[in-house]
Amino acid sequence: MTKPIVLIAEELSPATVAELGPDFEVVNVDGTDRSALLAALANASAILVRSATQVDAEAIAAAPNLKVIARAGVGLDNVDIKAATNAGVMVVNAPTSNVISAAELAIGHIFATARFIPDANASLKAGEWKRSKYTGVELYEKTIGIVGLGRIGTLVAQRLAGFGAKLIGYDPYVTPQRAEQIGVELASLEDVMKRSDFITIHIPKTPETTGLIGDKEFAIAKPNLRIVNCSRGGIIDEDALYRALKSNQIAVAGLDVFVNEPPKGSPLLELENIVVTPHLGASTDEAQEKAGISVAKSVRLALAGDLVPDAVNVAGGNIDASVKPGIALMENMGQMLFGISGGNAVSIEIEVRGEIAAHDVSVLKLAGLKGFFQNAVTEQVSYVNAPLMAETRGVDVRLTVDSHSEEYRNVTSIKVTQADGTVHSVSGTVIGPKLHQKIVNINGYDVELAMAEHFVLMVYRDRPGIVAIYGSAFAEAGINIAAMQIARQQKGGKALSVITVDSPVEAKVLEQVSEAIEADVMRSVNIQL
């Protein structure tokens, strides 16, 4: 019997190859040699890469037998996930392989900014002995702000605990009880900016977090602030950071990530009061080894037809064919619910009704959690770590199943309850031979919405003229409305408008519309389809 071919396109450790085991024929190719790569893909069942090999639509089309693309690392910029999904190819990575390395690098940057280690090293090697020039500060009894208390932020907090510093943190998706467990006082972003002597950032880059820290935030910071970003480039507004450092509005910055990488021509590189590294978060022997072994395990699972926890696009595994279409729907509804609710949760309930209730639908719970936490954390969210994220945040998770469904053959729902008792919910179904995803209820309002990338959701008092107001405001902002649904539970009561738009809507536009229509709720919801 012919063994499946596993193509290794970049240098991986012997332990990675050993983890694959004897059931595959391992073939090596230089992934940067395009013609050799395309030729080798013709018979491959799986391909393992790092960051240099481009697995794009052309490469995927050249591999008719391909079942899985494995990236031995976290980032997936070199893999065309959409093309892979369209071709039915699973994409896996190693989302937790670098978390310790990333946390330790952030600690290193904190020390480097506190004690001017890189500059002192360069000065001494240049023959100078300038001890007084490099007088630093201690961490002891300082206030250290941690922006983002997910997996990496928590590891940073644990490592800083022994230095006698006061730890405060900003994370709108973490409860005060969870923050207290890791020794962090939960605070607003404004409070963190005002009180901190050091700040370290560990949040994902989303439309909401891009430019999160800019001129306004630096204006309220202490002049001795040292700020570190080993998370994602662009969370700190680089122009604002340059102005703050150049004018000594803050003391020092440490960056491992940039908006453009490499940051050629960036004025930040001209400053003396900044420590920079070339995106080294995952650059340790241990992280690389863990990544290779992790994806090798995923490849074995994928080619055996088992559930692959670290799959980023499809769940795979022994899942009934009638359940599989609901996986992507539930993941998208999880993202939608996150946008509607603002991400706060004390409990999440996933409900499955209809014919598919006769099968194992536990994967739908995983998909809902994966979608909900996708924009709440820095690390890659997968089917294996999403329940852990809920658990570490003190979020109770329940799955209920009922074979009875009144209006549809199958309908799935995801509901979040918040600390103040507020409940938000989204329900949907998959219809037709092309398996179109449709949202059928939002917060108790019946709707019929095709799934899309960008929505605006509004709740307001039902009265004439509202559509004209927000239609005009969006037109002036250059926002094209692709579709619109209006629902109400009674005449003259509260109405829900859900608008499908072609692009994300800026916060200032939402504020303008909210004020004009006196909205009770105004939300922009962005979904990564």
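Of the 529 residues in the protein chain, 51% count as buried. The structure is a predicted model, and the account below moves from the whole chain to single residues.

The protein chain contains 17 helices and 22 strands. Its radius of gyration is 25 Å, close to the 24 Å that the globule rule gives for 529 residues, so the chain is as compact as a globular protein of that length. Along its principal axes, the C-alpha trace of the protein chain spans about 80 × 70 × 45 Å.

Glu104, Asp285, Glu286 and Glu289 form a negative surface patch. Helix 12, which covers residues 285-303, makes the greatest contribution to this negative patch, with 3 residues. Aspartate 285 lies in helix 12. Its relative accessibility is 68%, and because a residue is exposed when this value is over 50%, aspartate 285 counts as exposed.

A contrasting case is found in another helix. Isoleucine 327 is located in helix 13, which comprises residues 325-341. Is this isoleucine 327 buried or exposed? The relative accessibility of isoleucine 327 is 7%, and therefore isoleucine 327 counts as buried, since the term buried applies under 20% relative accessible area.

Finally, positions in sequence and in space may be considered together. Isoleucine 327 and valine 74 are separated by 253 residues in sequence. In space, the distance between isoleucine 327 and valine 74 is 22 Å, taken from C-alpha to C-alpha.

Definitions and conventions: Residues numbered from 1 in each chain as written. Predicted model: local features only at pLDDT ≥ 70, side-chain atom pairs only at ≥ 80, totals over all residues. Heavy atoms only, no water. Patch = residues over 30% accessible without salt bridge, like charges linked within 9 Å, V, L, I, M, F, W, Y side chains within 5 Å. Areas by Shrake-Rupley, 256 points an atom, 1.4 Å probe, with all protein chains shown as cover. Salt bridge = Lys/Arg side-chain N within 4 Å of Asp/Glu carboxyl O. Lys, Arg positive; Asp, Glu negative; His and termini not counted. Charge placed at Lys NZ, Arg CZ, Asp CG, Glu CD. Helix = DSSP H or I, 4+ residues; strand = E, 2+ residues; numbered from the N terminus. Buried < 20%, exposed > 50% of the residue type's maximum accessible area, 1.4 Å probe, protein only. Rg over C-alpha atoms; globule rule 2.2 N^0.38 Å.
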